Amino acid sequence: MDTSLSRGGPGLSRRTALSGALALGTGLLGAGLTACAGRGAGSTDGQAELGWIQPKTGRLASAYAPTFIGARLALQEINAAGGLLGTAIAVHEEDDEGSPATQATVAQRLLSARPDFVVGPTGSSQAVASVTALARGNAIQSAWGGADLLGDGARFPGHYQLVFNTSRQGRAAAKFLFETRGLRRIGLLTENSEFGKSMQESFTRTLREDYRTELAGVQVFEPNAPDMTPYLNQLARAGVEGLGMFSGQPQAAVLSLRAMANGGFAPVIVAHDLNYIDAYNEIPVELLRNFYGTAYRSLTYPRGGAPSGPAVEYAAKIRAEAGQLAFSAANSPYYDFLKLLATVVEQERTTDPERLRAAFDRVRGYPGVRAPISFTETDHCGIGDDAIAIATLLSARDAASAGGIFRELAS
């Protein structure tokens, strides 16, 4: 049965919104499930506990800090509305140093603490290591990682991916370069990571299977590479006209554009969504005019238009907290995850992770602020192809972008 959740407006409590949803026949509660008093499997006093994996130290600490702003806002809103089943959520924080190598140790500490739910980590390599290590536990987790396997419900039944995965992102990028821009010599620049490998597979497969086209050039760099010049020079020599540029490291895009400007290489670029316009002040505007990025359709607006819908209010809250890094904060999955979690808990009347997993697997069309969210038992990537758009980078300087959160749709 196709079921969904309706989200109430800012003046409605979760209980009121859920009552309306149930009255309309769009609730999540399935046949055979009975309500119970909300005591999580990891709780001893009925208080739900949230595991929180964030780099507080290490080279990615400052870059990834904005990605947790939405989680903090959601947590504040949930607790202000009465918490989960009348009890505030307790938080157990762990510093993963932004490294895949620390995830086993972090997971061990979390498994000892037995949280009901886990937010983080950020980064595909970190996420895969964390989800793998936590799979033997019972918590429901949502990490920010785009690798396809993170949405495999059969392999990771407790993890829910609330970002567009690499298959969907690769298809959108390749389609834009080949169909919309009509380019044929297409190259790829990506990092040596779980995300980079997954993006390379998706991007290459789409061009080969949908357009019978092979990549003109491929360059793979280490995530901590200090200079992108050698990689861009190779792509320029290969005659690349359109470039898929994918990295989870924000500084990689800056270094790449700097190398292009110095070398006179100006392809049409489609990049990953972590692009901070203020970091590109030194880059010639002529190069930036052909720079595009994948984006959530709800965070875009048509040429000459303006943002609309529930995301406008969400963006205002994020911008007030995040300042210049609001774009990264707004794209994070953690706000939607925690708000969806609170809605499911309220409806199911339990914080037991096993019971909640069954309910999550029946979510269809939940109106997240970034995109509609749907899951099945085997597909835990909640973001569909229709929620992805290609947008311009330079529009982040427009007043309509609300500080860079919204982007103008590419034409």
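Trainee: Which residues of H6 meet which residues of H7?

Mentor: In this predicted model, the H6 side includes Thr 166, Gly 170, Ala 173, Leu 177 and Phe 178. The H7 side includes Phe 195, Ser 198, Ser 202, Phe 203 and Tyr 211. By class, this contact has 9 nonpolar, 7 polar and 4 charged residues.

Trainee: How are two packed helices described?

Mentor: The description uses the angle between their axes and the distance between the axes. For H6 (residues 166-180) and H7 (residues 194-211), the angle is about 45° and the axes are 8 Å apart.

Trainee: What makes Ser 198 buried?

Mentor: Ser 198, which lies in helix H7, has a relative accessible area of 8%. Buried means under 20%, so Ser 198 is called buried. Leaving aside residues up to four places away in sequence, Ser 198 touches Ala 147, Asp 148 and Thr 166.

Trainee: What makes H3 roughly perpendicular to H11?

Mentor: The axes of H3 (residues 69-80) and H11 (residues 311-322) cross at roughly 115° and come within 10 Å. The range for roughly perpendicular is 65 to 115 degrees, and H3 is therefore classed as roughly perpendicular to H11. H3, too, passes H11 in a right-handed crossing.

Trainee: Which residues make the contact of H3 with H11?

Mentor: Ile 69, Gly 70, Leu 73 and Glu 77 belong to H3, while Lys 317, Ile 318, Glu 321 and Ala 322 belong to H11. These residues divide into 4 nonpolar, 1 polar and 3 charged.

Trainee: Which residues have the most contacts inside the largest nonpolar core?

Mentor: They are Phe 117, Phe 203, Ile 318, Leu 338 and Phe 360, in a core of 76 residues. Helix H13 (residues 334-348) gives the most to this core, with 9 residues. A second, separate core of 27 residues includes Met 228, Leu 235, Met 245 and Val 254.

Trainee: Which residues does Ile 318 touch, not counting those up to four places away in sequence?

Mentor: Ile 318 touches Ile 69, Gly 70 and Leu 73, along with Ala 326, Ala 329, Ala 330 and Ile 405.

Conventions. Residues are numbered from 1 along each chain as its sequence is written. This is a predicted model: local features need pLDDT of at least 70, side-chain atom pairs count only at pLDDT 80 or more; totals for chains, interfaces and linings use all residues. Side-chain values use heavy atoms; hydrogens and water are left out. Axes are lines fitted to C-alpha atoms, for helices over the stretch in contact, and angles run from 0 to 180 degrees between N-to-C directions. Helices (H or I, at least four residues) and strands (E, at least two) are DSSP runs, numbered from the N terminus. Angles under 35 degrees count as roughly parallel, over 145 as roughly antiparallel, 65 to 115 as roughly perpendicular and the rest as oblique. A crossing is left-handed if the near helix is turned anticlockwise from the far one by less than a right angle, and right-handed if clockwise. Contact means heavy atoms within 4.5 Å. Ala, Val, Leu, Ile, Met, Phe, Trp, Tyr, Cys and Pro count as nonpolar, Asp, Glu, Lys and Arg as charged, and the others, Gly among them, as polar. A nonpolar core is a set of buried Ala, Val, Leu, Ile, Met, Phe, Trp, Tyr and Cys residues joined through side-chain atoms within 4.5 Å. Buried means under 20% relative accessible area, exposed over 50%, partly exposed in between (1.4 Å probe, protein chains only).
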